[in-house]
Amino acid sequence: MKKSHHLVTRLQHLGTLPCDAEHQVAAVATPSIRTSTVRFHSLEQLERTESLRAQGERAMSYGRMGLQTHAELEQIFLALENGDRCFLASSGVGAISMTLLSLLSQGDHMVCTDNVYGPVRSLDETILQRMGIRSTYVGGHDYAALEAAITPDTKVLYAESPGSLLLEMLDFRALSEIAKKHKLIFVVDNTWGSGLIYTPLELGADISIIAGTKYIGGHSDLMLGAVVVKGAELGARIDRNQYALGYSISADDAWLAIRGVRTMPIRMQQHAANALKVCEFLSSLDATVAIYHPAYPADKHHALWQRDCKGSNGLLSVAFKGSREQARAFVDALAIFYIGYSWGGFESLVQWVRPQGIAHHSYATEALHTGEHQLIRLHVGLEAVEDLIADLQQAYDKAFGA
Ligand SMILES: *Cc1c(COP(=O)(O)O)cnc(C)c1O
């Protein structure tokens, strides 16, 4: 596959088996190569493999480090993100912990944007603090406060864009300038973009993390994380730490992710088209006070989305003026939208974001913090959008109707 081909084309052809003079007949689908043990033709071959690994190369030596199925998936992540090395983890949070445990040591400090995925704070409170690593959370658009939070011990700037509750876009170019100025490693969570519609490594990030659980898998049937790295030095650092920490994924999950990725471009387009229609519908409701979806023209950060993104997806939030009871009644009355965490699968999902869940987001308004406005997050799935809108309408009538 040539790099000059469109990404969509490459996503269809990466990870297929070779069909050439040597292999005259071949399966299209890559097999799931399940094994723990790798055998070597000779001791000399084993030693050659060991020496390649010592030089930081990806040489297959043992199941924990992944075999061909994993290697094919890594190539797909590299194509998506335009990175140099990829490391797989058993979940998105695993990919985050692998990265931060690789980069931070006792006495180090990290600056995080205050919209980061909730479990990042659990990692901080449960493990990083215990190891003597400190973190400070700052609004991702408040550059003065971000710079003021940086100390001589700060090693990492960690950001997520758009945030997964209020979907606010951050300016990765501006953040990467701050990171460069202070010699910080700029790490981002790119689960929203999954490399297809947003490529942070091209906007100045050093490491991009994707929860493959979401749009990569796309079918809500696997857990997966990926760390995509720019540069050999950072790559070697994560490589050593991944090996030492023992992160590993099953070949079957890698195989499911490869299968999922083939349809990601068309799935994403359909999620995005459905979500825009849902935004338009929501904007017609009396109780709607704000819609959070960067591809929607009324979103506060729409211009930034236009500048930096190549597409959108099915995630959006809506703030309704109303009581907690009305929000709960609305969520409970939905029939097609399932009540559940997560997103990126085929199915539509709904969450009532409790006020305490956004209390530490600088982008959330006072009305959201005090519960006068209710935040509902939707993942708009691949159902017929007319059915989704009818479902939202009937639930709205029940909860907010006269
Ligand atoms: C879901 C999610 C993760 C974590 O992924 P898991 O596979 O569930 O561990 C990380 N970041 C964001 C933004 C997510 O939405």
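**Ligand site and cavities**

Guide: The largest pocket is the space that the ligand takes. A pocket is an open set of points on a 1 Å grid over the protein atoms alone, with protein on both sides within 12 Å along at least five of seven lines. A molecule sits there if more than half of its atoms lie within 2 Å of the grid points.
Guide: This is a predicted model: local features need pLDDT of at least 70, side-chain atom pairs need 80 or more, and totals for chains, interfaces and linings use all residues. Residues are numbered from 1 along each chain, and side-chain values use heavy atoms, without hydrogens and water.

Visitor: Which residues surround the ligand?
Guide: Among them are S91, Y117, E160, D189, K214 and W343. Near means a heavy atom within 4 Å.

Visitor: Which side chain is 2.6 Å from a ligand nitrogen?
Guide: D189, through an N or O atom. K214 has a side-chain N or O atom 2.6 Å from a ligand oxygen. A polar contact is a pair of N or O atoms within 3.5 Å.
Guide: The protein covers 93% of the 380 Å² of accessible area that the ligand has on its own (Shrake-Rupley, 1.4 Å probe).

Visitor: New topic. How many cavities of 30 Å³ or more?
Guide: Two. In a cavity, a 1.4 Å probe fits but cannot get out. Volume is the space filled by probe spheres set on the points.

Visitor: What lines the largest cavity?
Guide: R53, E57 and F87 are among the lining residues, which have an atom within 4 Å of a point.

Methods
A polar contact is a pair of N or O atoms within 3.5 Å; within protein, one must be able to donate a hydrogen and the other to accept it, and residues adjacent in sequence count only if both atoms are side-chain atoms.
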